[in-house]
Amino acid sequence: MKSVSELAGEVRSGGTGRTYAIVAALVVLAVIYPEIVESLQDLPLIGDFIPRTDSMVVMIVFTMMAVGLNVVVGYAGLLDLGYVAFYAAGAYTAGWLASGHFEQVSFEFLSTAPAGAPGIHISMWLVLIIAGVFTTIVGILIGLPTLRLRGDYLAIVTLGFGEIVPQFVRNGDSIGGFDLTNGTFGISPIDSMGVGDFVFRTESNRAELYYWTAVGLLLFTVFCCVRLQNSRLGRAWIAIREDETAAAAMGVPLMRTKTWSYAIGAFFGGVAGAFYASFKSGAFPADFFFNISVFLLCMVILGGIGSLWGVILGGMILGYLNIEGLATIGSKIQEGGLDFDPTKYQFGIYGIIIVTMMLFRPTGLIPERRHRIEMEEGVHDTPMYDVTHEGTLTDRDRGND
Amino acid sequence: MASALARLRASSVTDKIGLSLVGLLIFWLAVNFVKDPTEFVNVGLIGLTNGSIYGVVALGYTLVYGILQLINFAHGDVFALSGLFASTIIVSVLGLDTDSSVPVIVGGMLLTLVVVMSLFSIVNATIERVAYKPLRHAPRLAPLITAIGVSFIVQNVALAFYGVNFRSVPNFIPTSDVIDIGGITYTWKKLTAILIVVPLLLLLTWFVRTTRQGKAMRAVAQDREASAMMGIDVNRTISVTFMIAGALAGAAGIVYLLQFNMRYDTGFELGLIAFTAAVLGGIGNLTGAVLGAIIIGLIQAFNEGLTWLAPGSDWTRTIVFGILILILVFRPEGLLGERTPEGA
C-alpha cells in the first residue's frame, strides 16, 4: 500500500492541466452538439446510434440524478434505494407551482403562462430552486430518523420511502377531500421554461433550448460535486465511509455529516425532477417506481462508485440505452431476422450489468482512486450504531454476555 | 429478562411514541371487533392464512440474513419464478383440473412440491455460488447491490418464459367450507395452505435444532471464523442454507399459486412484505419471521377487509412500509430480536 503522503502527492499532481483540457473539450462538444447532431447522424454505420437532441435532454437529466445519487452512495457510502422519491418530489413541486392544478387560486409570478390563468404559475427558474429546497427538506426529514441505521437497514428504509412516496402521489387525489396530486392521471400540463414571451416550448428549436439548459444544470451539479469532493464535508464523508467509529472518535459529527450528504443528494434529484417535469410537461405517478432508483444506482455502479467522471459516463451510457439505444439495437436485431426485443428486458439487462460489474470490476469503468483502495483492502464497515447492539448474531466483536 | 425490565422502566420518548402507536392500533381493532365480530374473525382468518404464506417466504430471508448478513433481494423473485414454474407443472405436465379425483390431486400436489422445492433449492444455491460467494470479503454493500441485480435478472427470466400475463391454476381444491360456525367460515382452499405450511415449519425447526447440518448453520451464523476453526465446512453450510431458503421459496410459490394468481413481478412486492415481516420479528430469528409474517398478514387483511376507518387496499403498500420504517426506527432488533439466533 502506498503511504498517505504519496497518495496525496499523486492526487495533487494528477495531471490537472490535462484534466482541464479534456473537460473544456467535452463542454464545448456538449454545447455544440445540437448543431452537429444531424451531420453525425448521416455518418455511415454509427449514424443510426447517434441520439437525438431531445433524447439527450433525458439522458442528461438522468445523469444529473445519478450524480446526485453519487453524493449519497459514492461519497458518503450510504446506499439509497429510494432516490426516486426525490425525483417525484421535485416533479410534483413543479406540478404544484407551475401548472393549472390548483384551480381554486390564480397566482402568477414571472411565468410563461398567460396572465389570469387559473392555478399557481411561478417562473420555472424559481420553481427549480424551490423544488431543490423542498426536496432537500424532504431528504432531511427522511434522513433524520433513519440515518443512524446500519448500511443495509438504511437501504431498506430508503427503499420503503421510495415506495411510499409514489403510492402517496398515486392515491393523493382526495386527502381529506382535497385533490393534492390528481391521482393516477398526474399533473399536466406544466409550464414551459422561458423568460416573458420567450417560451421554450413554442419556439421552433425547443429541444435545443431545453438541451442547453440541461447542460447548464449538469455543469452546475458537476461543479458543486467537484468543490464538495475535497471540502471539509467531502473529507468527512470519506472518513465515515471508511470507518464510522474512527471518524466519530476523531470528532466528525456522524448524523450531521450523513444528513448533509442526504440533503445535497436530494437537492439535485429535486432540481432534475422539476426540470424534467417541465420538459415533458407533466408529473405522472407511473414514472416513479423502484426500478428508477435501481436504474440510477446502476449508472453509479457502472461508472464507478464515488467517481464523478465515471458516473457521468455511466449515466450517459445507460441513459442512452434506456431512451434510444436498446430500441435502436432491437430494430437492428430484428432487421437481422431475430425476434428479440431488448427494451422488454431492459431491467434484466441492467441487472446483468450490476452483477457483472460487482463481480469483475467493482470499482466501475473509471475507478475513483480512493475507492479502489477501499475495495482492495476492505473497510471497517461495522459501524457504531449497529442496529443489533442489543445483542444478536451480527454483533461479532462483542463477547457472549 | 432483567435487562428487558430495566429497559422498560427507562423507556425513552421514542419508546413512548412507539407504544402509543401500538395502543392506537389496538383501539382501532377493538372498535372494529365490536362493530361486526363475525366479519372481524373472518377477515382475521384470511390474514392468518396469508400471513402463514408470507412466513415461509420470510424464513428464506431470515435464514440467509442470519448466516451471511445479506438481504437476499432475489429471494422474492425466486419465489415468483417457482410459483410460475409450478403452474406449468400443474397445468401442462400433470393436467390437474376441477374434475380430477382426490388421490390424483393429493399425489399431484406432493409431486409438484417435491419437484419444485428440489429444483429451486439448486437454483438458489447456484445463485449464491455464482453471485454472492466471490463477494464474501468485499465491503458489506457489494453483495447487497449484487443481490438487487440478481433480483432483476431472475425477474426477467420469469418475464421471458411467462410473459406479462397473470398465471393461475384451476380450482381443483374445493372452495367449500371446512367449518361454518355462525357465519365464521374457513374454506378447504385456505386450509390447504396451512396443511402445507405447518409441516414445513415443523420440519425446518427439527432440522435446525437437531441435525448436524442444522447445528452447523447455527454455529456459522454465530461466528463464521470460529466455526471454521472448529472444523465446520463454512462454504457447504452456506450452500445448504441457500438450498433450504430456495426450497422454502418453492413451497411458498406453490401455496401462493393455489390461493392467488401471480406473474413475473409478484415476487418483488411480496418479497418486500416478507422481508418486512422478517425484520418485524427480528431478522435472523426463525420464530420471529413467522410471527412477524402473521402480524403483517393480519394487518394487511384488516386494512383491506374491515369497514371502520380502514384505509383500504390502495394504501396497503404504504402501511407495510410505514411499519417497516417505524420498526427500524423504534425497535430495530425486532420483536424477538434479543433471543439467540436461528430459533434455538
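How many helices and strands does chain B have? In this predicted model, where local features need pLDDT of at least 70, side-chain atom pairs count only at pLDDT 80 or more, and totals for chains, interfaces and linings use all residues, chain B has 13 helices and two strands. Helices (H or I, at least four residues) and strands (E, at least two) are DSSP runs, numbered from the N terminus. The radius of gyration of chain B, taken over C-alpha atoms, is 20 Å, close to the 20 Å that the globule rule (2.2 Å times the number of residues to the power 0.38) gives for 344 residues, so chain B is as compact as a globular protein of that length. Its C-alpha trace spans about 60 × 55 × 35 Å along the principal axes.

Burial comes next. Of the 344 residues of chain B, 49% count as buried, meaning that 20 or more other C-beta atoms, placed from the backbone, lie within 10 Å of the residue's own. Among contacts in chain B (C-beta atoms, placed from the backbone, within 7 Å) with a separation of 6 or more, 78% join residues 24 or more positions apart.

α11(B) is mostly covered, with 15 of its 16 residues buried. Just after α11(B), B:Gly282 takes a positive phi of about 105 degrees.

Residues are numbered from 1 along each chain as its sequence is written, while chains are lettered from A and ligands numbered from 1 in the order in which they are written.

Note on methods: Buried ≥ 20, exposed ≤ 12 C-beta atoms within 10 Å, placed from the backbone. Contact = placed C-beta atoms within 7 Å.
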